[in-house]
Amino acid sequence: MDKEKEVFEKMSDYTTATNEEVESTGNLLKENIRNRQHSILIGPPGTGKTRTALAIIEEIKLESCDFGNFEMIQFHPQYSYQDFIEGYTVKDGVFHYKKGAFKKFVDSSDKEKLNILLIDEINRSDISSVFGELLFLIDNDTNSKVVKLPISGEEMRMPSNMVIIGTMNSADKNIAIMDFAIRRRFSFIFVKPDYKGLCSWLNSIGIVSCDIDITCYVNAIKVLNNRIIKHPLMGKNMTLGQSLFVPKTGDGKLISNEDIAKQFNTLIIPQVEAYLGYGNLKDISEILSPEIRLKSQLGDLASTKDIINMIKVMSKSKEIS
Amino acid sequence: MTKEIKLLPWKIEAFREYITYETLQPAAAVLKTFEGELFTPRNPEIIRMQKLLQERTGKKSWVPNRSGSNDINWNIEGDVTRNKGRVFTSMLILHPKDWVENKIKLTNFGNALAVGEVSKEEFYFFIISNFQYPHPAWDDNWNAWTKAEKHLLPFVYLLQTLILLYELNPNEAYLSTEEVADYLYLKPDHLKTPVYVEKIVKAREDNSPQIVKRSDEVHRKISDLLGFLCLTKFCYFNGNKIFLNMIDQHQGELVFFNKKRKGQDKLLEVKKLVYDALNKI
């Protein structure tokens, strides 16, 4: 039987050319901006979506001489049409007309050069309501469209040299607010945890531990995220971004076992518990470890030894090999 | 006078329309979607897989249809492996299920085919170069060829013979099922093809009678192998013979430009395929 298997393996072996490098998130965004395509960087918390967007915008600024204005705003549940397009403000008991952030940006933007509006946490507001007529204007055949604004009566158009970049968290449940009509107006770029970036980041700080090194720590994080990806309640949108795993240590201080344990106790474990539902002990045990489950059940913090043991065991797992 | 001879069994699945690239590529994609599923008609995922297999390939008889009613979602005759299981293993797409805990597991080739990494030409090149006896898909074939300590790439063997015939006389570059049975099937050996070609040419000149008695076991399998070579477009069928296809067109479709082509490039391509395949064994 072994001989048969060996022959069959050889007969059916097929080598394909090495997969071409997949376009990086940054390059995709850069290309979109150059093509004047509105984009949204979407990904789990801590994957560096805003940082990536800012870095790319900075790159474009340095590379090109036709860069005009840039502005960054952040949406939140209280953000409204009046804040974004136009509205009224009360001053001395009298209503005054007030331009919103978008209208102000359009009016002040350079007419020839590239202008970028970065909207952080774009899904935290009710986009359909906040964008109002803008939704109509940013359709793919935007340039010729004009709308009359309801308050000022002014005509508004979306300048062809203006690009909107949004960032949004894929783990939040209010992601559903973004309806399909809005989705089709943006190019969505998924940002996943960047392990290479995490390695460099950890290397720049340094880990002082005789139990784990950077490779071991990063491998364990990969395994943890792999478990999250495969879990039916979570998936890729709920993986844990690289920045969640880097403890703040203060100037020049190396990362110790205790720092890592604190990071897990105060950030990683609560995040996983929140994802799975507090009290979902079986799944907490499956994703993290049986020891963590026990501590979670009792409301205790896991000891440094528990956390380091969990990392060591995870890093050796064959799950992602 | 024909005679019965105990021969090493040549094998290939007879479902010709099921072993084309057009059928097997979407089939591999469906199998990949369900990789890891347990092969049993009681597994609802296998029933889904089989329905998708029929839909994506446009072939309705992957599974024996004896359910008696559309409302009974259970086929007591078994799953796809009952009827067409060897199509996948013989064409090197799936591991034999007995080896992988009765589950769907694709080979490297199957995986590449499923994800669109293999073009039609590459598919046929690969099968011609890798389909060999002993073949683990058939126990009788595996046991007989292993016991005899013989090794054969049947498609390469047939092409080798056709190339030699072509080089002797381009108009004689054909083989009939009977010629293969009488001269190539008896003692298959890649190194002896020049000798066998001489015998074939002589038999044609002498108009010699058929040697091996006509049987399903021998002649039908040879026809199926020759038929597959026609699918690959390395050969074409005319009358009861298959010819080496040097112009990539059926002879009946000759037009001005094809008449002008001599086929040297094609000959080089077939020779390279044969040379590379033989070098591997």
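Start by selecting B:Asp276 and B:Lys272, whose side chains meet in a salt bridge with N and O 2.8 Å apart. The term means a side-chain nitrogen of Lys or Arg within 4 Å of a carboxyl oxygen of Asp or Glu. Both residues lie in helix 12 (residues 264-280) of chain B, 4 residues apart, about one turn of the helix. Helices (H or I, at least four residues) and strands (E, at least two) are DSSP runs, numbered from the N terminus. B:Lys272 is exposed at 52% relative accessibility, and B:Asp276 is partly exposed at 34%. Buried means under 20% relative accessible area, exposed over 50%, and partly exposed in between (1.4 Å probe, protein chains only).

The model is predicted: local features need pLDDT of at least 70, side-chain atom pairs count only at pLDDT 80 or more, and totals for chains, interfaces and linings use all residues. Residues are numbered from 1 along each chain as its sequence is written, chains are lettered from A and ligands numbered from 1 in the order in which they are written, and side-chain values use heavy atoms, leaving out hydrogens and water.

Next, select B:Glu172 and B:Arg204, a salt bridge of 3.2 Å from N to O. B:Glu172 sits in the loop between helix 7 (154-168) and strand 1 (174-176) of chain B and B:Arg204 in helix 9 of chain B, so the pair ties together parts 32 residues apart in sequence. B:Arg204 is buried at 17%, while B:Glu172 is partly exposed at 27%.

Move to chain A and pick A:Asp107 with A:Lys99; the closest N and O atoms of this salt bridge are 2.7 Å apart. Over all chains the count comes to 25 salt bridges.

Now turn to the rings. Rings of Phe, Tyr and Trp (its six-membered ring) pair if their centres lie within 6.5 Å; planes under 30 degrees apart count as stacked, over 60 as edge-to-face and the rest as tilted. The whole structure holds 28 aromatic pairs over all chains. Select A:Phe8 and B:Trp99, an edge-to-face pair with 5.7 Å centre to centre and 90° between the planes. A:Phe8 belongs to helix 1 (residues 2-11) of chain A and B:Trp99 to the loop between helix 3 (80-90) and helix 4 (108-114) of chain B, so this pair joins two chains. A:Phe8 is buried at 0% relative accessibility, and B:Trp99 is buried at 14%.

Finish at B:Lys187, in the loop between helix 8 (177-184) and helix 9 (193-206) of chain B. At 59% relative accessibility, B:Lys187 is exposed.
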